[in-house]
Amino acid sequence: MRLSYNKLWKLLIDKEMNKKALSEQADISNTTVAKLGKGENVNTDVLVKICKALGCDISDIVEVIDQEN
């Protein structure tokens, strides 16, 4: 299983927000935003900050993808 942040990127588009604005509003580093862009794991505290900044639930920004071999 892996995490997908595609929902986050769609939400940013819907809110007409870019990654830099997300970084500033959620008080997270550009490096962390880059990790999200690459689909890498981040601390749950980061996801909570993003949810607070965007006024959403974690299920609105993250999706668990079941990888079958």
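Q: Hi! Is Asp60 buried, exposed or partly exposed?
A: Asp60 is partly exposed, with a relative accessible area of 38%. Keep in mind that this is a predicted model.

Q: Thanks! Where is Asp60 found?
A: Asp60 belongs to the loop between α4 and β2, a strand covering residues 63–65.

Q: And which residues is Asp60 in contact with, leaving aside its neighbours within four places in sequence?
A: Those contacts are with Lys7 and Leu8.

Q: What about Glu24, how many Å separate its C-alpha atom from that of Asp60?
A: The two C-alpha atoms are separated by 20 Å. Along the chain, Asp60 and Glu24 are 36 residues apart.

Q: Let's switch to α4. Which of its residues are buried?
A: In α4, the buried residues are Val46, Leu47, Ile50, Cys51, Ala53 and Leu54. Looking down the helix axis, you would find these buried residues within an arc of 165°, so they line one face of α4.

Q: Which residues are exposed on the other side of α4?
A: Thr44 and Lys52 are exposed there.

Q: What do the buried residues of α4 pack against?
A: They pack against three helices: α1, α2 and α3.

Q: Now α3. Which residues are buried in that one?
A: Helix α3 spans residues 30–37, and its buried residues are Thr32, Val33 and Leu36. Seen down the axis of α3, they fall within an arc of 100°, so this helix too has one face lined by its buried residues.

Q: And what sits on the face of α3 turned away from the buried side?
A: That face carries Asn30 and Thr31, which are exposed.

Q: Which helices do the buried residues of α3 pack against?
A: Their partners are α1 (6–14), α2 (19–26) and α4 (44–54).

Q: Last topic: Ser4. Where is it, and is it buried or exposed?
A: Ser4 is in strand β1, residues 2–4. Ser4 is buried, and its relative accessible area is 5%.

Q: What does Ser4 touch?
A: Not counting residues up to four places away in sequence, Ser4 touches Ile61, Val62, Glu63 and Ile65. There is also a polar contact of 3.3 Å between the side chains of Ser4 and Asn6.

Terms used. Residues numbered from 1 in each chain as written. Predicted model: local features only at pLDDT ≥ 70, side-chain atom pairs only at ≥ 80, totals over all residues. Heavy atoms only, no water. Buried < 20%, exposed > 50% of the residue type's maximum accessible area, 1.4 Å probe, protein only. Helix = DSSP H or I, 4+ residues; strand = E, 2+ residues; numbered from the N terminus. Arc of directions from axis to C-beta. Contact = heavy atoms within 4.5 Å. Polar contact = N/O pair within 3.5 Å; in protein donor to acceptor, adjacent residues only side chain to side chain.
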